[in-house]
Amino acid sequence: QAQLVESGGGLVQAGGSLRLSCAASGTIFSINAMGWYRQAPGKQRELVATVTTGSSTNYVDSVRGRFTISRDDAKNTVYLQMNGLKPEDTAVYYCNAQIRRRVGSVFNTYWGQGTQVTVSS
């Protein structure tokens, strides 16, 4: 199996910063795109940012310029640096990765367990 484990969430005041990490482990041959999603209470899960194997990035408009996604392929890890946090950023943040476990197998999508980010005003 493959699994994703997130860390780095917590409570921060508005304007503060947090850095989320998500490490993939288990039987992994290669990882394609990686990303971060979030889900606030009573709302649907939304895409926050993605990064491809070529390090091309994409962001939802509400975080562009404040959040930075990056990856370290040697560590099978994706990061989300969050600066200028706002109360509306409060949510459970989930990482996501497309993982191929063996040569010739297809890519499957894996999710982390989620980490809470709370921004106080």
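**Entry 1: the pairing of E7 and E8.** I looked up how strand E7 is joined to strand E8 (residues 77-82), and I found 6 bridges between the two, which run antiparallel. Strands here are DSSP runs (E, at least two residues), numbered from the N terminus, and two strands pair if DSSP finds at least two bridges between them. The model is predicted, with pLDDT of at least 70 needed for local features and 80 or more for side-chain atom pairs, while totals for chains, interfaces and linings use all residues. Residues are numbered from 1 along each chain as its sequence is written, and side-chain values use heavy atoms, without hydrogens and water.

I noted that Asp-72 has Thr-77 in E8 as its bridge partner. The hairpin has 4 residues between the strands, and Asn-76 takes a positive phi near 50 degrees.

**Entry 2: the faces of E7.** In a regular strand the side chains alternate between the two faces of the sheet. Buried means under 20% relative accessible area (1.4 Å probe, protein chains only).

**Entry 3: Arg-66.** I located Arg-66 in the loop between strand E6 (57-59) and E7. Arg-66 counts as buried because its relative accessibility is 14%. Among the residues that Arg-66 touches are Gln-81, Met-82 and Asp-89, not counting residues up to four places away in sequence; contact means heavy atoms within 4.5 Å.

**Entry 4: the disulfide.** I searched the whole structure and found 1 disulfide, defined as a pair of cysteine sulfur atoms within 2.5 Å. This disulfide joins Cys-22 to Cys-95, with 1.9 Å from S to S. Cys-22 lies in strand E3 (residues 18-26) and Cys-95 in strand E9 (residues 91-100), 73 residues apart. Both cysteines, Cys-22 and Cys-95, are buried.

Note on methods. Buried < 20%, exposed > 50% of the residue type's maximum accessible area, 1.4 Å probe, protein only.
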